[in-house]
Amino acid sequence: MLEKPSYKNQQFAILISLLRDRQGFLEEISQGIRLQSKTSALFVSSSICFAIYGAIIGASHSWGQALSSAIKLPAFYLLTLIICFPTLFFFNVLFGSRSSFQQHFVVLLTAVSVISVLLFSLAPVTLFFMITAPNSYQFFKLLNVLIFGITGIFGIKFLYEGMQLLSKQDEVGKKTRTTILRSWLFLYGFVGVQLGWFLRPFFGAPGSKFELFRAVSGNFYLDIVSAISEILGGR
C-alpha cells in the first residue's frame, strides 16, 4: 500500500514543480488552478529556506542572533511583499487587469520563493566563508549583500515574467500596466532596503552584545560604503 505524502513533502513538491516547469506553473496561476494550495505551499517552503539561511548568517555572531535572524529573514521578505502588494494590485485593476487578488499575490509569492531557493542553494558557500574567515566581518557582510542582490535580481526577473504572463489575457491597458510594473519594482527594492535596515541586525557586529533590534541611525548605503572602505584599508 502506498503511503500518503506528508504535509511537508507536499509543500516542497509544489515548490519543485515551480522550479522544474515555471511556464506551466504560471499558466496554472493565470487559469486560477489550485491557487490556495500554491499559496500555502510556497509560503511554508520559502519560509523554511529563508529561516535556514537566516540562521547561518546569524550564527556568525551568536546562537541568539542565529535564532533571531531565522525569524527575521522570512518576516523581512513577507513584510516587504505585504507593504508593496496593494499598490501593484489596485493600480493594475484601475488600468484594466481582471486577474484576482489571489492570482496577483501568488505570482508575487512565486518570485519570493525563487529568491528563497537561491539563497538556500548558496547557504553552503556562506557557511564556508563564515568558518574559514571568522574575523572578516565586513567581508562577510558585503558577501551577503552581494548574494542578496543577485538572488533579488533573479526574483524580480521571475516576477516581471509572471506578471507579463498574467496580463496576456487582458489586452486593454496592458502597456500602462507594464509601465506601472517597472516603476513598482523600484518601489519594491527601496522598501526592501529600508525595511532590512530597520529590522537589522541580521549578522551582529563582532564583540557586540546580542540585540534583537538596533536603534535606527544612518542608512544602508553609507554603511556599505563604510564597509568597503574598511576592507580596502580606509580606516
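Predicted model: local features only at pLDDT ≥ 70, side-chain atom pairs only at ≥ 80, totals over all residues.

**Stop 1**

Select Ile29, Tyr77, Leu108, Leu159, Met163 and Trp184. These residues have the most contacts inside the largest nonpolar core, which has 52 residues. Now colour by helix. H1 (7-20), H2 (22-30), H3 (35-58) and H4 (63-94) each supply at least two residues of this core. As background, nonpolar side chains in soluble globular proteins tend to be buried together.

**Stop 1: along H5**

Stay on helix H5 and pick threonine 126, which lies in it. Is threonine 126 buried or exposed? Threonine 126 is buried, because its relative accessibility is 0% and the cut-off for buried is under 20%. Next, draw a C-alpha to C-alpha distance from threonine 126 to isoleucine 29. The two are 34 Å apart in space and 97 residues apart in sequence.

**Stop 2: the cysteines**

Select cysteine 49 and cysteine 84. Cysteine 49 is buried at 5% relative accessibility. Cysteine 84 is buried too, at 1%. How many disulfides does the structure hold? The count is zero. For reference, a disulfide is a covalent bond between the sulfur atoms of two cysteines.

**Stop 3: a salt-bridge network**

The whole structure has four salt bridges. Start with lysine 38 and glutamate 28. Their closest N and O atoms are 2.6 Å apart. Lysine 38 sits in helix H3 and glutamate 28 in helix H2, so this pair ties together parts that are ten residues apart in sequence. Lysine 38 is buried at 2% relative accessibility, whereas glutamate 28 is partly exposed at 24%.

Glu28, Arg34 and Lys38 are linked in a network of salt bridges. Arginine 34 lies in the loop between H2 and H3. Why does arginine 34 count as exposed? Its relative accessible area is 52%, and exposed means over 50%, so arginine 34 passes that cut-off.

Keep arginine 34 selected and check its backbone. Its phi is near 50°, a positive value in a residue other than glycine.

**Stop 4: two more bridges**

Move to lysine 157 and glutamate 161. They form a salt bridge, with the closest N and O atoms 2.6 Å apart. Both lie in helix H6, four residues apart, or about one turn of the helix. Both ends are partly exposed: lysine 157 at 46% relative accessibility and glutamate 161 at 32%.

Then select arginine 214 and glutamate 211. Their side chains meet in a salt bridge at 3.3 Å, N to O. Arginine 214 is partly exposed at 25% relative accessibility. Glutamate 211 is partly exposed as well, with a relative accessible area of 30%.

**Stop 5**

Go to proline 201, in the loop between H7 and H8. In general, most peptide bonds are trans.

**Stop 7**

Select glutamine 138, in helix H6 (residues 137-167). Glutamine 138 is buried, with a relative accessible area of 11%. Which side chain does the side chain of glutamine 138 contact? The partner is lysine 141, in a polar contact of 3.2 Å.

**Stop 6: a nonpolar surface patch**

Finish on the outside. Select Phe139, Ile228, Ile231 and Leu232. Together they form a nonpolar patch on the surface, with about 380 Å² of accessible area. Zoom in on isoleucine 231, which belongs to helix H8 (residues 220-231). Isoleucine 231 is partly exposed, with a relative accessible area of 42%.

Methods. Residues numbered from 1 in each chain as written. Heavy atoms only, no water. Patch = residues over 30% accessible without salt bridge, like charges linked within 9 Å, V, L, I, M, F, W, Y side chains within 5 Å. Areas by Shrake-Rupley, 256 points an atom, 1.4 Å probe, with all protein chains shown as cover. Buried < 20%, exposed > 50% of the residue type's maximum accessible area, 1.4 Å probe, protein only. Polar contact = N/O pair within 3.5 Å; in protein donor to acceptor, adjacent residues only side chain to side chain. Disulfide = S-S within 2.5 Å. Core = buried A, V, L, I, M, F, W, Y, C linked by side-chain atoms within 4.5 Å.
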